Amino acid sequence: MRETWNQAWIIAKRELRAYFATPLALVFLTVFVALTGALTFYVGQFFDRGQADLFPFFAYHPWLYLLLVPAVAMRLWAEERKSGTIELLMTLPVTPFEAILGKFLAAWAFIGLALVLTFPIWITVNILGSPDNGVILSSYLGSFLMAGAFLAIGSFVSTLTKNQVIAFIIASLICFLFTMSGLDLVQNSVRAWTPGFVANAVASMSFLSHFQRITRGVLDLPTLIFFFSMIIFWLFATVIAIDQKKAQ
């Protein structure tokens with residue numbers, strides 16, 4: 001197990017360095033921070049609410065991730081397939097799981113860095129009032145976990161095509177369906193055609209419902225299990241997809 005983590009860590013460091021080899025990483029980080037700030041202060045009317053919390057900041061994260069996280073994930077394997085370097089990677093003394101884990105951790109750390117760079121908003125709300133920093137911390141953790149789940153879905157989708165644009169669109173669509181599954185609009189449609197337990201199962205898969213619980217300060221075991229299960233399931237699906245490509 002230690003050897004697996006060591007190999008994955010080596011790949012993760014290589015991938016993370018590759019992000020900053022081009023200006024794209026800085027462009028992504030700038031866009032992420034700018035969009036979160038604009039959505040918080042202008043769309044979310046941070047100052048007009050007169051409340052010392054970061055609800056307007058976290059409320060838009062699921063929708064922001066629908067665009068930005070698949071954009072990070074689309075290059076994980078689609079680019080390797082298009083350039084033909086996936087065959088070279090598979091000849092190295094690493095297992096597909098180690099390669100997938102390393103790439104995933106690098107991308108997850110990159111998104112985590114983007115989240116950390118939003119710290120001026122946290123400082124602002126602490127200067128203006130006395131927010132519940134425990135809720136803010138759990139909301140940051142929930143946002144990071146949700147980004148990991150989006151990223152795992154995007155990692156799997158990027159193994160299915162050489163075209164990064166197609167990988168981006170399909171990953172965004174799948175994440176969108178999981179996000180929307182708990183809303184009344186979807187639930188009413190599902191309950192009209194299926195038994196109640198099916199509708200409840202669909203609702204339990206909603207990113208939005210679980211994340212909103214966290215932003216209200218409810219960081220419970222079922223929510224943590226949900227996000228970690230999503231990450232593990234989609235990474236496992238990625239391993240299966242890569243194994244099939246390797247066997248061909």
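## Annotated segments

Over residues 62-78 the chain is 76% helix and 0% strand, with the end C-alpha atoms 24 Å apart. Over residues 135-153 the chain is 100% helix and 0% strand, and here the end C-alpha atoms are 27 Å apart. Helices (H or I, at least four residues) and strands (E, at least two) are DSSP runs, numbered from the N terminus. Both segments are among those that UniProt, in an unreviewed entry, lists under "transmembrane region": residues 20-42, 62-78, 99-123, 135-153, 165-186, 192-211 and 223-242. UniProt positions are given in the numbering used here, feature names are shortened, and annotations may be inferred rather than shown by experiment.

The model is predicted: local features need pLDDT of at least 70, side-chain atom pairs count only at pLDDT 80 or more, and totals for chains, interfaces and linings use all residues. Residues are numbered from 1 along each chain as its sequence is written, and side-chain values use heavy atoms, with hydrogens and water left out.

## Helix α8

Helix α8 covers residues 96-116, and its 21 residues should span 30 Å at 1.5 Å a residue; the end C-alpha atoms are 30 Å apart, in agreement. The expected span of a helix is 1.5 Å times one less than its number of residues. Of the 21 residues of α8, 16 are buried, so this helix is largely enclosed by the rest of the structure. Buried means under 20% relative accessible area, exposed over 50%, and partly exposed in between (1.4 Å probe, protein chains only).

F97 belongs to helix α8 and is partly exposed, with a relative accessible area of 38%. Leaving aside neighbours within four places in sequence, F97 is in contact (heavy atoms within 4.5 Å) with T4 and V239. The C-alpha atoms of F97 and F236 are separated by 8.3 Å, although these residues are 139 residues apart along the chain. V116 is also found in helix α8; V116 is exposed, with a relative accessible area of 55%.

## Helix α1 and I11

I11 has its place in helix α1, residues 2-19. With a relative accessible area of 9%, I11 is buried. Not counting residues up to four places away in sequence, I11 touches V94, E98, A99, G102 and K103.

## Salt bridges around E15

The structure holds four salt bridges, a salt bridge being a side-chain nitrogen of Lys or Arg within 4 Å of a carboxyl oxygen of Asp or Glu. E15 is buried, with a relative accessible area of 3%. The side chain of E15 meets that of R14 in a salt bridge at 2.6 Å, N to O; R14 counts as partly exposed at 37% relative accessibility.

E15 also forms a salt bridge with R75, at 3.9 Å, N to O. This pair links distant parts of the chain, 60 residues apart: E15 is in helix α1, and R75 is in the loop between α5 (61-73) and α6 (78-83). R75 is partly exposed, with a relative accessible area of 24%. K103 forms a salt bridge with E15 as well, the closest N and O atoms being 3.3 Å apart. K103 lies in helix α8 and E15 in helix α1, so the pair ties together parts that are 88 residues apart in sequence. K103 counts as buried, at 3% relative accessibility. Salt bridges with shared partners join R14, E15, R75 and K103 into one network.

## Nonpolar surface patch

A nonpolar patch on the surface is formed by L16, F20, L26, F47, L113, V116, L117, F119, W122, I123, I127 and L128, with about 1100 Å² of accessible area together. The elements that give two or more residues to this patch are α8 and α9 (119-128), and α9 gives the most, with five residues. Patches are made of residues with over 30% relative accessible area and no salt bridge; like charges are joined within 9 Å, and nonpolar side chains (Val, Leu, Ile, Met, Phe, Trp, Tyr) within 5 Å. Accessible areas come from the Shrake-Rupley method with a 1.4 Å probe, and for residues only the protein chains shown count as cover.

## T223 in helix α15

T223 is found in helix α15, residues 221-247. T223 is buried, with a relative accessible area of 1%. Leaving aside neighbours within four places in sequence, T223 is in contact with H210, R213 and I214.
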